[in-house]
Every structure is written in structure tokens, then in C-alpha cells.
Amino acid sequence: MTGTAYVKKIRSGEARLWPSRRPPLTRLDIELTERCNNDCIHCSVNRPAGDREARAREWGAESWKKLLDEAAALGCLVVRLTGGEPLLRDDFGEIYIHARRLGLRVMIFTNAALMTPGLARLLKDMPPLEAVEVSVYGMKEHTYEAVTRTPGSFDAFRRGLGLLREHGVPFIVKGAVLPATRGEMDEFEAWAAGLPGAAGLPSYALLFDLRSRRDGRKNALISSLRTDADEFVRVSRRHGEEAVGEWRDFCARSGGGRGGRLFSCLPSGGSAAVDPYGRLQYCLGLRHPATVYDLAAGSLREAVTEFLPAVRDMRSAGPAYLERCGRCFLKGLCEQCPAKSWAEHGTLDTPVEYFCGIAHAQAVAAGLLEPGEKAWAVTDEAARTKRRR
Amino acid sequence: MSDKIDLDRIYAPSEDIVVREIEGEIVIVPLVSGIGDMEDELFTLNETGRDIWNKIDGSRTVAAVIRELAEEYEAPAGLLEGDVAGLLEELLVRKMVVEKE
Ligand code: SF4
Ligand code: SF4
């Protein structure tokens with residue numbers, strides 16, 4: 001036996017542990033609740049914090065702990081706890097500790113307003129091994145609360161972020177480009193750059209999804225808040241042409257549309273998502289009944305080894321899809337996917353004009369299309385992507 | 001043998017880590033702060049480390065670990081000492097094992 005470095009470090013993002021054989025599940029997204037302490041104008045998920053009917057249907061801590069046990073047994077390394085607002089649940093700490101004791105890394109998506117000294121201490125002493133991701137809805141009380149529609153939420157967010165800082169808990173901030181916050185991007189970026197552990201520019205929510213539960217109540221409002229294609233390109237270019245170069249490179253690498261194949265987003269084996277009521281999905285936005293598995297009537301193992309692979313192989317026979325997305329070289333760059341199609345149209349395969357328009361504007365900016373050209377009608381995409389590199 | 005590792009000592013995995021076996025790999029996940037240098041690090045063992053690790057269970061002395069490995073590998077104990085000490089030193093620096101009283 002010989003050996004030099006016996007213990008090898010692996011950074012979370014580059015866990016190439018399994019060059020040949022991957023575990024059936026590597027990441028599990030858990031939507032602990034749809035409820036939230038805020039009521040953001042653009043939110044595609046939230047229900048009121050005090051919604052008793054939703055609370056009564058949510059899985060309890062014991063069910064989540066059992067699911068986490070199953071996930072760890074399947075080789076899962078990362079669990080994402082999100083919502084709604086996951087900290088709204090008073091058993092958040094219990095579920096978190098259970099996940100960490102199983103050796104899972106925990107991603108936490110939060111607005112930070114419900115952070116407590118006890119929870120911040122827990123995150124310091126038993127770190128999640130992933131930076132906590134905090135959504136920031138504005139730099140000033142009036143802009144922030146124009147988004148959250150919740151008086152007092154700005155102070156609560158600042159208090160929560162202060163607790164994370166005080167306890168040295170690593171976090172990253174994410175902005176949202178909305179009518180109230182569009183004018184604050186420079187201020188947000190300067191502020192974010194001064195935060196501990198800041199690395200690079202913060203990310204933004206720009207292309208808002210409609211509500212995947214298709215309740216319709218807010219979809220018109222969300223649509224009206226969406227960044228249009230020109231503005232999307234303008235915002236992406238604020239700091240130079242790097243993003244445009246990435247779009248170009250991406251199109252050169254991705255194989256584009258693949259006939260009737262619906263899913264181009266997901267690697268084989270890997271991630272799954274579970275809603276607050278124990279229904280497993282491919283991702284949190286994909287709630288088409290044909291793609292949802294009730295864990296109460298089955299097992300996580302069956303869901304990830306039998307159900308999800310069958311979903312991944314689903315194909316479209318829809319003429320619009322086959323004519324357009326199925327042969328479009330922007331597929332992949334474009335955000336159109338079965339989840340978006342479901343939220344917008346209640347189908348798995350209807351091209352979503354909003355995302356189609358964004359992708360075409362990106363391609364024009366990247367020099368891959370002329371204005372007015374349709375990507376699905378292009379036949380020399382290989383030459384175009386090569387020429388422009 | 002290394003200065004720091006005494007053959008009569010017994011070591012066990014620390015309670016501050018979680019050790020998982022995933023698809024044949026041993027993965028060591030820090031449970032408390034101060035184990036890794038960064039907030040998002042995990043650890044794994046090379047092949048040599050894996051074989052040794054399985055015997056560091058709080059019941060065997062270092063000498064017994066070496067003896068058992070020597071039998072299994074049909075190799076002279078002297079050859080294995082360096083590997084066992086090397087791994088234990090790395091694990092001790094990272095607070096992944098503790099000495100049993
Ligand atoms: S804080 Fe997040 S989950 Fe809550 S309403 Fe706002 S966007 Fe939705
Ligand atoms: S750009 Fe349009 S045609 Fe191409 S994949 Fe997106 S929605 Fe489909």
C-alpha cells in the first residue's frame with residue numbers, strides 16, 4: 001500500500017465523486033411550505049402565512065425526517081430547503097438538524113426576516129456547508145415594501161441579515177428587477193460588494209415565472225411585471241459583453257432541439273423536488289399531473305429510479321412543438337421547458353412566447369440571428385455558431 | 001512510525017463529522033464548524049485511506065490496525081506503518097478522529 005494525500009477535499013460544486021456510477025439521487029429540493037410572511041407582487045408560490053388549510057395539509061417534521069433518511073440512503077448529498085418561506089415553520093430547526101446529522105449539505109432559500117438569534121447560532125455551530133441564499137427586494141423601506149406588500153418587512157429583513165453577519169454565517173444575496181427596484185441596481189451591487197464573502201456580482205430574478213399551481217389569481221400581475229426582451233438584453237449587458245459571449249458559447253455547445261424530446265434541462269440521475277404535501281416532481285415548477293408522484297403511496301426510491309426516468313423520456317407529438325422547439329437551435333438557451341409550458345398553458349409542450357422572444361433577442365445580440373429571423377427556420381446553425389466564436 | 005502517533009493508542013471517528021458510504025466511496029461530511037477550511041467542503045479518502053479508515057473504529061490500537069492490514073495484504077507491517085500514521089495525522093489535523101481514553 002502506498003499513499004500521499006489520504007484525505008481529499010471536494011468543493012460542493014465539483015463533487016466528481018462518481019466518474020462512472022452516480023447515486024440515483026444527488027440533490028433533493030424540498031418546498032417546506034407555500035406560505036410566506038411576505039406577499040411579493042411577483043411571487044409564483046406564496047400563500048398567506050396564516051393559511052390554515054395549507055398548514056394542515058403540509059407534511060410534519062416526522063414525515064420530512066423519514067424522507068431525508070431515504071434520500072441519504074440513496075446517496076443524496078444536498079438538500080435545498082425552500083418555500084414560500086421555510087423559516088415560517090417552527091420545526092425548521094428540527095428538520096435542518098436531522099438533515100445535517102445525516103451528512104447532507106443544506107441549501108436554505110429565505111427572505112431572512114424570520115431569522116432568530118437561536119437559528120443563526122445553530123447555522124454557525126452546525127454550518128449548512130452551503131451559503132444561505134437571501135432574496136433582497138429593495139434597498140430602501142419604500143421600494144422593498146412596494147415589492148413585499150408587507151409593512152415592517154424591510155426592518156425584519158435587515159434584522160435577519162444582521163444576525164447572519166453577527167454570527168459569521170456565510171450567505172449570498174439575490175436581487176429582483178421589478179418596477180420598484182429597477183433604479184436601484186447600482187446601489188444594490190455596491191452594497192452587495194461590501195458584504196462579507198462577496199464574490200462577483202449578485203444574481204437577479206429577471207424572468208418571472210407564472211404560478212405553477214395555475215391558480216390564475218396573480219398571473220396577470222406577474223406578466224405585467226416581466227422584463228421585456230430588450231430590457232433583458234440591456235440588463236445582461238450592463239457590465240460588458242461577457243453574458244452575450246456566454247450565450248453564444250452555450251448555443252455552440254448545446255445540441256439544440258431534439259425532435260419530440262421534452263426535457264433537455266436535466267442530467268440523468270440527480271435531482272428531484274418535493275412539494276409541501278409530499279408530492280414528488282422533477283422540479284418545483286413542474287406540476288402537470290402526469291409528472292407528479294405521490295410519495296405517501298410509494299417510496300422515494302421508486303420515484304427516482306422508476307418514475308422520474310419515465311418522465312425524462314416523455315416526448316411531444318404536438319405539431320407546434322415539433323415544428324418549433326423540436327428543431328430550434330436556441331433550445332436550452334431558451335427558458336421554455338415543460339414546467340414553463342405547464343404554468344403558462346396547462347400543457348407540457350406549448351412554446352411560451354415570452355421566453356421565445358427573450359431567447360431570440362439574446363440570439364440577435366449574440367450575432368446568431370438577424371432581427372426578425374426565426375431560430376427554428378435556420379438550417380445553418382452550426383456555421384453561425386462557429387463563425388461567431 | 002511517526003512521532004505523533006503512538007502504536008498503543010486507540011482512535012475513533014469524531015462525533016463532529018458524519019461518515020457516509022456512497023457508491024463505494026467514503027465521504028466525510030463536517031457536522032460542526034472548524035473541520036474544513038471553507039464552508040462547502042466535503043472530504044473523501046483515497047483507496048489506501050479507505051482500507052485503513054474502516055479499522056479506525058475505537059476498538060483497535062494503532063498496532064492492531066497495522067497488524068490486521070498486514071495480514072490482509074500479506075505485506076510486512078513495516079511497510080504499512082507509514083500509511084497508517086500518515087492517514088491518522090491528516091485526520092487528527094482535521095479533527096476527524098479523536099483519541100480514545
Ligand atoms: S419572500 Fe419569496 S416566497 Fe415570500 S412572497 Fe416574496 S418571493 Fe414569494
Ligand atoms: S426559442 Fe422559441 S422555438 Fe426555440 S425553444 Fe424557445 S420557445 Fe421553442
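Me: What separates the C-alpha centres of domain 1 of chain A and domain 2 of chain A, and why are these called domains?
Reply: The C-alpha centres of the two domains lie 32 Å apart. Domain bounds come from an automatic or database domain assignment, and in chain A they give domain 1 (25-205) and domain 2 (242-262 + 315-389). This is a predicted model, in which local features need pLDDT of at least 70, side-chain atom pairs count only at pLDDT 80 or more, and totals for chains, interfaces and linings use all residues. Residues are numbered from 1 along each chain as its sequence is written, chains are lettered from A and ligands numbered from 1 in written order, and side-chain values use heavy atoms, without hydrogens and water.

Me: What makes residues of chain B count as in contact with chain A?
Reply: Contact means heavy atoms within 4.5 Å. By that test, 35 residues of chain B are in contact with 36 residues of chain A.

Me: What is the area buried between chain B and chain A, and why is it called buried?
Reply: Buried area is the accessible area (1.4 Å probe) that two parts lose on being put together, summed over both. Here that is about 3,200 Å², with 58% from carbon and sulfur atoms.

Me: Which element of chain B gives the most to the side that touches chain A?
Reply: α3(B) does, with 8 residues. Elements are DSSP runs numbered from the N terminus: helices are H or I of at least four residues, strands E of at least two.

Me: Why is β1 of chain A said to pair with β4(B)?
Reply: Two strands pair if DSSP finds at least two bridges between them. K9(A), for example, has F43(B) as its bridge partner.

Me: How many bridges join β2(B) to β3(B)?
Reply: There are 6, and the strands run antiparallel. E21(B) has I26(B) as its bridge partner in β3(B). Between the strands of this hairpin are 2 residues, and E23(B) takes a positive phi near 45°.
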